[in-house]
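Dear colleague,

Please find below the structure that I promised to hand over. My notes on what was found follow directly after it.

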Amino acid sequence: MRIVLSLPRAQIPDWTARFAAALPGATIDAVNGPEPDGPLPPPADYLVCWGRCATLLAAQPRLRAVFALAAGPGHLFASDPRLGREIPLVRLEDAGMAAPMFHYVLAAVLRHALDLDRYAAQAREARWQALPPRAPDRFAVGVLGLGTIGGAIARGLAAQGFAVRGWSRSAKAIDGVTAFAADALDAFLDGLDVVVGALPSTPATDGLLDARRLARLADGAAVVNVGRGRLIVDADLVALLDAGKLAHATLDVFAEEPLPAAHPFWRHPKVTVTPHVSGPTLPGPSIAQVAEKILRLERGLAVTGVVDRARGY
Ligand code: NDP
């Protein structure tokens with residue numbers, strides 16, 4: 001069995017050693033990714049890639065599967081027409097990302113629920129004034145996407161006592177979470193104190209949070225996005241923050257990454273920008289998951305996490 005890894009150069013030694021330990025007997029080649037800068041390796045059975053890998057894919061005639069080191073790799077379909085048709089594209093499922101992503105979202109929700117920004121503003125004026133407390137069970141948080149990541153976030157927020165709503169394409173039953181069907185987006189958004197994006201980027205989700213939909217949130221609501229940046233119409237979000245309709249946005253993902261230096265999010269006083277760090281790809285759990293799936297495929301068994309080309313995720 002031959003495996004080729006496409007990784008940033010600095011990660012190659014560590015990841016190659018870990019894959020070799022997880023799959024003894026496999027021949028493992030590694031190239032600098034996303035664009036290889038040396039000779040291409042011989043044809044492999046499995047390709048593991050981080051980000052785009054079109055050049056490498058084009059030189060691989062007999063791949064049995066491609067493993068993306070990401071939870072939402074739908075954009076890779078554009079790199080090769082065989083992906084999702086003749087060659088399955090397999091994504092990471094949690095692999096240690098869900099817990100830190102829940103913590104990230106919880107921090108943003110608590111910041112808003114506890115009015116920490118408003119108290120910070122009062123403190124700058126040495127103003128001692130209690131704001132009306134917000135009981136968690138009357139504080140509505142809605143999670144867009146109830147998959148591996150969104151489901152963990154919704155469960156975690158419900159365990160903290162928040163009034164949690166969830167929205168997904170197919171019906172979901174999660175204890176403590178009021179589920180909304182795909183055609184009930186407006187009802188899901190109505191009056192939310194915080195909306196959390198945990199959706200993949202697809203033709204159906206790109207631009208979903210536009211001015212009309214964001215206006216359905218409660219006055220002074222907050223937006224948190226850990227899914228994909230294209231979910232939000234940036235100019236509409238900025239306009240609603242400027243108008244005072246929305247209080248704050250905590251954004252980890254952006255339509256263009258790295259976020260261009262001139263983008264208004266960088267300097268907006270009501271926007272917190274983090275550089276796509278809420279769900280780090282952890283070598284240990286990621287390699288264990290990919291290796292286990294490779295071994296299943298070698299035994300002729302099915303694997304989960306195969307991305308559906310038609311759905312886009
Ligand atoms: P999943 O594929 O497990 O879940 C996706 C969820 O989105 C599902 O609940 C799905 O519905 C729902 N969904 C997709 N399209 C629609 C639609 N058109 N209408 C309504 N619901 C829809 O993905 P994960 O939970 O593993 O990851 C979610 C996203 O988070 C990833 O795509 C990735 O982009 C992002 N991510 C970001 C990271 C970061 O560091 N910021 C790290 C990891 C992931 P259904 O359940 O019916 O299929």
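**The ligand and its surroundings**

An oxygen atom of the ligand lies 3.5 Å from a polar backbone atom of Gly 227, a polar contact being a pair of N or O atoms within 3.5 Å (within protein, one must be able to donate a hydrogen and the other to accept it, and residues adjacent in sequence count only if both atoms are side-chain atoms). Please keep in mind that this is a predicted model, in which local features need pLDDT of at least 70 and side-chain atom pairs count only at pLDDT 80 or more, while totals for chains, interfaces and linings use all residues. Residues are numbered from 1 along each chain as its sequence is written, and side-chain values use heavy atoms, with hydrogens and water left out.

For Gly 279, a backbone N or O atom is found 3.0 Å from an oxygen atom of the ligand, and for Lys 172 a polar side-chain atom is 2.5 Å from a ligand oxygen atom. Of the 940 Å² of accessible area that the ligand has on its own, the protein covers 93% (areas come from the Shrake-Rupley method with a 1.4 Å probe).

The ligand is surrounded by 30 residues, the closest being Arg 91, Ile 149, Ser 170, Lys 172 and Tyr 313, where a residue counts as near if one of its heavy atoms lies within 4 Å. By class, this shell has 13 nonpolar, twelve polar and five charged residues (Ala, Val, Leu, Ile, Met, Phe, Trp, Tyr, Cys and Pro count as nonpolar, Asp, Glu, Lys and Arg as charged, and the others, Gly among them, as polar). Helix 5, residues 148–159, gives the most to the shell, with three residues; helices (H or I, at least four residues) and strands (E, at least two) are DSSP runs, numbered from the N terminus.

**Helix packing**

Helix 5 also packs with helix 3 (residues 98–113), at an angle of about 50° and with the axes 9 Å apart; axes are lines fitted to C-alpha atoms, for helices over the stretch in contact, and angles run from 0 to 180 degrees between N-to-C directions. Helix 3 and helix 5 are therefore oblique to each other, since angles under 35 degrees count as roughly parallel, over 145 as roughly antiparallel, 65 to 115 as roughly perpendicular and the rest as oblique.

**Backbone details**

Most residues other than glycine have a negative phi, and most peptide bonds are trans. The peptide bond from Gly 33 to Pro 34 is, however, cis, with omega near 5°, and Pro 34 sits in the loop between strand 2 (27–32) and strand 3 (46–49).

With best regards
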